[in-house]
Amino acid sequence: MKRKIPTVYFFLIPWFLGVVLLKIVPFLISFVLSFTSYNLIDSPSFIGFGNYIKMFTDDPIFAKSIVATFKYAFITVPLVLVVSLMVATILNFKIKGVNFFRSVYYIPSILGGNVAVAILWQSLFANDGIINMVLGVFNIDAIPWLVNPNTALFTIGLLRAWQFGSTMVIFLAALQNVPKSLYEAAEIDGAGKIKQFFNVTLPIITPVVLFNFVMGLVHAFQEFNAPYLITDGGPMHSTYLMNMYIYESAFTTYNMGYASALSWVLFIIIMVFTLMVFRSSKYWVHYSD
Amino acid sequence: MSNKLNKILRYVILSVVGFVLIYPLLWLFFATFKENNEIFTTLSLWPEGGFDLSGYKEAWQTSTGRNFGFYFVNTLQILIPKVILTVISSVLTAYAVVRFEFKGKSIIFATIIATLLLPEVVLRIPTYLIWSKLGMLDTYVPLIAPSALAIDSFFIFMLIQFFRTLPTELDEAAKLDGCNPLQTLIYIFVPILKPAIISVALFTFMWGMNDFQGPLIYISSTDKYTLSLLLRLSQDADSVVNYGKVFAMSIMALLPSILIFFFTQRYFIEGIAATGGKE
């Protein structure tokens, strides 16, 4: 496999330029900007920890935004993991039509954050939308899904849950790789299906659970399209997720310095959670070799 | 007997879940043919007044003076170069990282994984300022150019997983036949990894179709709007008065993705499945 060195480095030039110019440099610039006040017109002026101090002492919207972001992540990430693992488990069985169901479940995922999907969600959960019509059939009072601050965040969280398909496909691939012999051994030991799932299946696929968990967290903390397009952050900032606050600070009110500081807070939150999950993984992730 | 019951139970659960997932899309589709006042008054999918196509007509005309096709072409002007550049740069990077031994390899691999998890949100403002300084605002360059620099670590990671599965004999045999590394890539690996490469292309395309924040930040003149921005415009302007039009436009915007998915689904499924696997 040893070849002349220069050729390899030549192949890596695009990636290297990308990492330096579009990742490392912006990363450092945003760190520096977070200590400035910058409105795009005047040049940035250094204000020390001013942005960070303001955030934690004199910005009620920041607090609301942080709370909404945590709630959104804590609702959607476990919801998607549980639903996708459950459906993948049901699918992981020798029955006809597995591929058909897998494809059907995957369709919402390919539509992702499309604006059309946001329009659909807005209509489904409108006060006179079909979700409330269905509830009406069961004599349940209409729920003001997107209008009530207590339900709006959950409603846009449901959109994320609707798109569990890509996580499910990853789980299904992992489930199909679990050696059959292990189930046979478990059956001889008299373990039932549920016991088999928790004692055989789950331990083996924990590395994939870790992968889906981390990717889910990183994405959930950065959700933008759903709150921006469906609820406009409202009502009463109940869906005003951090990424939306960052966007509006930067591109609506042109507080580039403050927005950079907000993005650094979000970055640190995401890093802390990711590290916590990785740290905890040695207690629950099972590596077969 | 219990096995049969088990099977039936699985089918029932799978069908119910499938129905719940797809019903909203079916509802949206049939609502495009309904009269405005019918959309929010009945649960039935079938339009009572027959299939009214005026929603599609209005959606195609849009309200900007340009038709829907114009914005579709705009979107393709971004997506086609983006797909090609993403494929080339990601394949080159994954190939180099997996098939060669060289100094700094482990650092590069670690950097790829780190950037996979690096939140894009922390880079957005400086990236905008850089493009602004280069005079590239309100052009497609900020939406296309990063793809040439293998900016999406997810695809590199996905291709790495596929490159890893291939035996080293391939490289050795190619070398004996006198192939240089680039020839080895083009004549040996690209044909073998065609499904994975198609996956990367399809994902880039779909995600590009769905991208809203990118165009929102960089594109300001209506003539350069993508489908996402056109839909947003229509959502703001028409969704109180003219649902038929907004829904028809939504279906028209989703249809390319859904059709492509139907004809190429195995590439999506295999591609996404590979990222979670350990091998």
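What percentage of the contacts in chain B with a separation of 6 or more is accounted for by residues 24 or more positions apart? The legends below, which describe a predicted model, begin with this chain.

View 1. Residues 24 or more positions apart account for 73% of the contacts in chain B with a separation of 6 or more. Chain B contains 14 helices and zero strands. The C-alpha trace of chain B spans about 70 × 70 × 35 Å along its principal axes. Of the 279 residues in chain B, 42% count as buried.

**View 2. The side of chain B that touches chain A.** Here 71 residues of chain B are in contact with 76 residues of chain A. At least two residues each are supplied by several helices of chain B, among them α1 (2–31), α4 (68–99), α11 (194–210) and α14 (243–276). The largest share, 14 residues, comes from α14(B). By class, this side of chain B has 46 nonpolar, 18 polar and seven charged residues.

**View 3. Crossing of helices α3 and α14 in chain A.** The axes of α3 (residues 50–57) and α14 (residues 256–284) of chain A come within 9 Å and cross at roughly 70°. The two helices, α3(A) and α14(A), are therefore roughly perpendicular to each other. The crossing in which α3(A) passes α14(A) is right-handed.

**View 4. Residues at the contact of α3(A) with α14(A).** From α3(A), the residues A:N51, A:Y52 and A:M55 meet A:G257, A:Y258, A:A261 and A:V265 of α14(A). Five residues of this contact are nonpolar, two are polar and none is charged.

How values were computed: Residues are numbered from 1 along each chain as its sequence is written. Chains are lettered from A and ligands numbered from 1 in the order in which they are written. This is a predicted model: local features need pLDDT of at least 70, side-chain atom pairs count only at pLDDT 80 or more; totals for chains, interfaces and linings use all residues. Helices (H or I, at least four residues) and strands (E, at least two) are DSSP runs, numbered from the N terminus. A residue is buried if 20 or more other C-beta atoms lie within 10 Å of its own, exposed if 12 or fewer, and partly exposed in between; C-beta atoms are placed from the backbone. Two residues are in contact if their C-beta atoms, placed from the backbone, lie within 7 Å. Ala, Val, Leu, Ile, Met, Phe, Trp, Tyr, Cys and Pro count as nonpolar, Asp, Glu, Lys and Arg as charged, and the others, Gly among them, as polar. Axes are lines fitted to C-alpha atoms, for helices over the stretch in contact, and angles run from 0 to 180 degrees between N-to-C directions. Angles under 35 degrees count as roughly parallel, over 145 as roughly antiparallel, 65 to 115 as roughly perpendicular and the rest as oblique. A crossing is left-handed if the near helix is turned anticlockwise from the far one by less than a right angle, and right-handed if clockwise.
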